[in-house]
Amino acid sequence: MLRPEKMGRVSVTGSKAVLNDVVETAHDLNLLHLSDYDGGWEGFEPGSPQEGADSASDALVTVRSLQSILGVDETDAESRPVLPDDLHAEIEEVRTQVNELDDRRDELDDELRGVEEELETIRPFVELGIDLDLLGGYENLSVAVGEGDEAAVREAMVEQPGVDSHETFAVDDGETLAVFAYPAVDISDALVGAQFTAYEVPEPGTAGEDVSPEGYVDRLEQRRRELTSKLETVEDRLEDLRVEVGGFLLAAEERLAVQVQKAEAPLSFATTENAFVAEGWLPYDEYVDLAEGLQEAVGDHVDVDLVEVAEYDEDGRPTDSEEIAGGAGGVGDPTAAADADAEGAADGGSAPASEVVTDGAGADVAMGATGPPVIQNNPAPVRPFEALTNVINLPKYDEFDPTVIVFLTFPAFFGFMIGDLGYGLLYMAIGGVLYTQVEGEVLKSLGGVALWAGGFTALFGIFYGEIFGLHTVSTVLWEGVVGLKSAPMHKGLQPADLGYAQAWMMLVLTLGVLHVGLGYVFGFIEEAGHSLKEAVLEHASWALLMFGVWVWVFSRHLAAAKPDFLYLAFNEVGATPAFLDLSEAATETQVAYEFGFAGLPEVVGLAALGVAAVGFVLLVAAEGGIAFLESLNVLVNVLSYARIAAVLLAKAGMAFVVNLLFFGAYRDKGEFHFLLTEGPQEALAAHPDATIMFPGLIHSGVAAVVLGFVVLVVGHLLVLVLGITSAGLQAVRLEYVEFFQKFYEGGGDEYEPFGYETRFAGDD
């Protein structure tokens, strides 16, 4: 689980005469993650694509373009079509139909857009109310229509040389106006000076047509209706075509993708005139399947060698990849490649050596720099959490995969913070829908995460005794069935439960030390595989410093300077430590669970300071003077986990307020009680010392009850959503920032085997 699946590097060497058969077989097996040849071997050149690669690639681009135009998706593949032998001709026929319709749609869209722009342009003329034929065509008049200040325009006309007289016509708001000037002179410069923005006057129309602006608008509206109708017809034809050919396009895309993949595979090979060498990675356990598959296909014409296994030592640390001298045996005679060259020479070709290239000392030299790809090796329940890990990056082959730790901690953090049976069941329902009904892998994985997070939320809700913020579970289960005084856990929101809030603070800080410490341990193990010295300086130093500091914090050394709850939350009621000056009543208030813990012995704290000092010295040796500032991170990183307790109280408070507004509540002896079965007056009569916190909308009349139901539903939905955005994000932050950064870098290569699992086109 913490390590990816073990991978092996395979070399496939053979005659070019069987290259196509090897490609076909390897593709069908879908096992080999091909390495690209980097051109580093003397006498070898990258291979050439097979015949038809360009035409298949062009056709694939065409098919994907057609899918985009038609909006084809997977739901259009209701039945598996039978692809014609002449696939390219069928694609060309579909392309012609689609392009004609798409071009016609574009033409109509453009024309419709132009009509709508004209309608917007004619608006000022409608407001002006002057027939369009009166706004132009004069021999002795200059006419302009536009927007501007009428007074400024008149002043400009008075000052315009050559204008004997003028007239303006403006709408009521004074912004749109028409200017008539006699005789016909150029008045454009004068109007610009008056900050007049001129409009182009539309053509009034043909003889017999209505020349009013309203008539012009009517003609445009009619044209818009016609264009819209034609556009809808084209859209309908495209939709019919999508239904008709959608399945075909999906199947054709797969078939062409397979053809392109096969045709371009030799580009990754190293080739001579008569032979080829291909390399790649595959799961170590799958090597035999590849070897047997190629043997069955081409017999002794190819040699398959397992030349390297990426191993780990007994402690799980990555070791240098184990190179297998001379390979691990393969298909047919190990000299098959040489025989293939000889066959090529007999046909008149040259026969360069084609044995696996070595570095001169007999060690295998890889054909490319690609390391082993990564297959995350997690059990089924853990796999949804790979999506959270891979948001950062896919783990490298020599890194720990932290997914299983995220699986163990993220749902627990989330559930502890929300801790409510009702919310937990809703989260599980949402997760179930995403996991079972959604096709996308990411959303499906998030559904799986939500199922686990909701399950822990419901579990903690049972221990807290809460359902939608009410203590009904506590009343029915823990008090009624089990016979306890109350639920075994409290969130610490009420004054009487102060000790629980402080206990949770101690708990989350302890979890922080363990969580962050595990990150340092992982980092140490990873680095130790490369350099023990660097592992000690870069990781052990931090671990020693952090554990030393926090063990001291939980010790009795200098206890008077530390918070009292460190020594009370898990002590015994009334057993106040001698070094604390507290009353017995205060002690009782702050004790959550009577474990008898009153801090670690003082000598343990002093020893912890010594350990911290050793860690600090190592840190200074590694990082220099900056370590004096960075060393504070051992406090900051762990204190960051206090956000768990903070969100716990915040969400409890929000749910409490929602229920308080609806049901009302009273306070009695430091405890809050909702008015579920009695009104405010009955509560005060039964509990004379109680104080009404809020009478509750449900006890305040019909209108208030209706408003209360809205508040209740919307409020709890808000808490539900904020549970994701606060508890979820805070839990993720603790994983990414406090845990991952101690050891995790990511950047691994995803295992992508040479092959294609067809869903719509059937087997190729």
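Trainee: How many helices and strands does the protein chain have?

Mentor: Please note at the outset that this is a predicted model. The protein chain contains 23 helices and 14 strands. Of its 764 residues, buried residues make up 46%.

Trainee: How is the packing of two helices described?

Mentor: Two packed helices are described by the angle between their axes and the distance between the axes. Let us apply this to helix H2 (residues 53–70) and helix H6 (213–264). The axes of H2 and H6 come within 8 Å and cross at roughly 150°. An angle over 145 degrees counts as roughly antiparallel, so H2 is roughly antiparallel to H6. The crossing of these two helices is left-handed.

Trainee: Which residues of H2 and H6 make the contact?

Mentor: On the H2 side, they include Ala53, Ala56, Leu60, Val63 and Arg64. On the H6 side, they include Leu238, Arg242, Val245, Leu249 and Glu253. Sorted by class, the contact of H2 with H6 has 16 nonpolar, three polar and three charged residues.

Trainee: At what angle do H21 and H23 pack?

Mentor: H21 (642–663) and H23 (residues 702–739) pack at about 175°, and their axes are 8 Å apart. H21 is therefore roughly antiparallel to H23. The contact of H21 with H23 has 16 nonpolar, seven polar and three charged residues.

Trainee: How are H14 and H23 oriented to each other?

Mentor: The axes of helix H14 (residues 498–528) and H23 come within 9 Å and cross at roughly 40°. H14 and H23 are therefore oblique to each other. H14 passes H23 in a right-handed crossing. In this contact, His515, Val516, Leu518, Gly519 and Phe522 of H14 meet Leu734, Glu735, Glu738 and Phe739 of H23. By class, the residues of the contact of H14 with H23 are five nonpolar, two polar and two charged.

Trainee: Is His515 buried or exposed?

Mentor: A residue counts as buried when its relative accessible area is under 20%. His515, found in helix H14, has a relative accessible area of 5%, so His515 is buried. Leaving aside neighbours within four places in sequence, His515 is in contact with Ile405, Thr409, Phe413, Tyr641, Leu734, Glu735 and Phe739.

Trainee: What span should the 17 residues of helix H11 have?

Mentor: At 1.5 Å a residue, H11 (residues 421–437) should span 24 Å. The end C-alpha atoms of H11 are 24 Å apart, which agrees with that expectation. The buried residues of H11 are Leu421, Gly422, Tyr423, Gly424, Tyr427, Gly431 and Gly432. What covers these buried residues includes helix H10 (403–418), helix H12 (441–464), helix H13 (472–482), H21 and H23.

Trainee: Which residues of helix H1 are buried, and what covers them?

Mentor: In H1 (residues 19–29), the buried residues are Leu19, Val22, Val23, Thr25, Ala26 and His27. Their cover includes strand S1 (7–15), H6, strand S9 (275–283), helix H7 (287–298) and strand S10 (302–309).

Trainee: Which residue follows H1?

Mentor: H1 is followed by Asn30, whose phi is positive, near 55°.

Definitions and conventions. Residues numbered from 1 in each chain as written. Predicted model: local features only at pLDDT ≥ 70, side-chain atom pairs only at ≥ 80, totals over all residues. Heavy atoms only, no water. Axes fitted to C-alpha atoms, helices over the stretch in contact; angles between N-to-C directions. Helix = DSSP H or I, 4+ residues; strand = E, 2+ residues; numbered from the N terminus. Parallel < 35°, antiparallel > 145°, perpendicular 65-115°, else oblique. Left-handed = near helix turned anticlockwise from the far one by under 90°. Contact = heavy atoms within 4.5 Å. Nonpolar A, V, L, I, M, F, W, Y, C, P; charged D, E, K, R; others polar. Buried < 20%, exposed > 50% of the residue type's maximum accessible area, 1.4 Å probe, protein only. Expected span 1.5 Å × (residues − 1).
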